[in-house]
Amino acid sequence: MNVYLGEKLNMTNQTKRSSTALIVAASFIGSSSLPFISTASVFAQTTFNDVPTNYWAQPFIQELASRDILKGFPDGGFRPNDPVTRAQFAAILSKATNKAPIRGGVTFVDVSSNYWAASAIQKSYTTGFLSGYPGNVFEPGQNIPRVQILVSLANGLNYSASQAPETTLQTYADASGIPNYARNSVAAATENRLVVNYPNVQFLNPNQTATRAEVAAFIYQALVRSGQVNAIASPYIVGQVTNTPPVQNQTRIPAGNTISVQYSKDKILLGPDDKVPLTLSVSQNIANPQGAILIPVGTQVVGELRTVSGGAQFFASTLVFADGRRVPINATSQVVTTTEKVDKGISVGNILKGAAIGGAAAAAISAVTGDHVLATEKLLGGAGAGALLGLFLGRDSVTLSSVNPNTDLTETLNSDLLL
């Protein structure tokens with residue numbers, strides 16, 4: 001199996017490369033033990049048709065590709081802006097680290113023994129880089145946010161902050177968005193110069209899905225920290241002397257502005273503690289006072305729809321434009337309080353007509369109605385319905401959050417949007 005930034009691909013013989021993998025021995029003793037690094041592979045592809053020389057992450061990608069730890073695709077591209085899932089990141093860690101286990105293994109209910117990344121996921125757990133969610137759930141297909149990457153590396157590499165975390169986190173203009181569980185680890189990662197923020201070094205965008213390029217930058221910085229590779233002079237590395245990147249023709253949309261969105265389904269049903277990745281699209285052009293369109297209709301709004309106290313709410317993390325450009329966004333919808341009750345014996349067909357459903361909602365519907373056949377195209381990502389089924393067995397009814405994405409999920413900017 002070849003790993004392309006943690007992604008399993010079927011390669012043609014023509015594009016397969018012999019590899020000499022870079023190994024990062026992450027079993028540090030304090031910070032004085034240096035990991036082992038192999039020599040670079042002379043066969044590794046180091047240039048990609050979608051990573052020009054002036055691309056912000058090009059040096060990180062090229063250096064790791066030259067050591068055969070990251071690869072491209074058969075079409076000659078690297079797809080730097082593609083998201084990375086938790087399973088893909090586990091596969092990256094498996095190839096990039098050789099740390100001795102620090103704890104026993106665990107059986108994740110949503111990772112079968114024949115799953116392509118099962119061994120990598122198990123290794124990432126036993127070595128302390130990654131953990132699961134309550135109920136021994138791993139969520140292998142869930143897109144992994146930047147903050148989880150930094151927590152994983154800081155914890156797995158035994159980094160610790162030398163000063164009060166809140167002092168270090170003042171570096172970021174959006175520090176309030178860093179989850180409480182992650183603040184110590186992010187501070188440690190920041191002190192060790194693992195953090196690379198593009199396009200604005202002052203914005204961490206902690207809850208934004210990590211891209212292939214960003215993961216490459218974070219991993220490379222970990223190698224710099226261990227003394228294995230030379231530091232790259234990038235203006236986007238937090239803590240580097242040259243840390244104010246030039247910003248040309250940047251447009252600012254102030255906080256408080258709204259973005260109308262739409263979705264292909266008329267209704268989304270969520271169960272208790274549902275968290276599902278969701279991509280909406282902009283339904284009305286956003287223009288400046290001069291009439292120039294800043295965000296055109298059809299631009300994707302990537303984020304997560306969650307059940308929260310009082311209802312359901314969408315959290316936007318990234319705008320994806322038609323040309324592939326990705327821009328961090330910090331925006332949320334209102335809390336949607338509409339509910340729908342599902343009773344035993346009710347027609348599942350009527351419930352699911354024109355709907356998409358989260359994993360917990362699917363489990364609840366199946367358990368209450370006894371109908372375990374749910375169309376695959378209706379299921380959103382998130383926790384596996386099968387793993388949650390037992391939580392609802394024996395109930396005669398369940399109340400679900402019901403969201404009309406075309407009217408309920410208008411996004412309000414929580415901070416200025418820089419385009």
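## Strand pairing

Two strands are taken to pair if DSSP finds at least two bridges between them. In this predicted model, strand β6 (residues 267-270) meets that condition with strand β15 (residues 397-403), the two being joined in the antiparallel sense over three bridges. Within β15, serine 401 stands opposite leucine 270.

## The four-stranded sheet

Strands β6 and β15 belong to an open sheet of four strands with mixed pairing, ordered β13-β15-β6-β14. The edges are formed by β13 (339-343) and β14 (355-357); each has a single partner strand, so one side of each is left without a neighbour in the sheet. On average, and with direction ignored, neighbouring strands of this sheet are turned by 35 degrees against each other.

Helix α9 (residues 359-369) lies across β6, β13, β14 and β15. Its direction is at about 145 degrees to β15.

## Salt bridges

The count of salt bridges comes to seven. Among them is the pair of arginine 252 and aspartate 416, with the closest N and O atoms 3.2 Å apart. This pair links distant parts of the chain, 164 residues apart: arginine 252 is in strand β3 (residues 252-253), whereas aspartate 416 is in the loop between β16 (411-413) and β17 (417-418). Aspartate 416 is partly exposed, at 33% relative accessible area.

Glutamate 304 forms a salt bridge with arginine 306, where the closest N and O atoms are 2.7 Å apart. Glutamate 304 has a relative accessible area of 17% and is therefore buried, the cut-off being under 20%; arginine 306, at 24%, counts as partly exposed. Arginine 79 forms a salt bridge with aspartate 75, with 3.9 Å between the closest N and O atoms. Arginine 79 is partly exposed, at 32% relative accessibility.

Note on methods
Residues are numbered from 1 along each chain as its sequence is written. This is a predicted model: local features need pLDDT of at least 70, side-chain atom pairs count only at pLDDT 80 or more; totals for chains, interfaces and linings use all residues. Side-chain values use heavy atoms; hydrogens and water are left out. Axes are lines fitted to C-alpha atoms, for helices over the stretch in contact, and angles run from 0 to 180 degrees between N-to-C directions. Contact means heavy atoms within 4.5 Å. A salt bridge is a side-chain nitrogen of Lys or Arg within 4 Å of a carboxyl oxygen of Asp or Glu. Buried means under 20% relative accessible area, exposed over 50%, partly exposed in between (1.4 Å probe, protein chains only).
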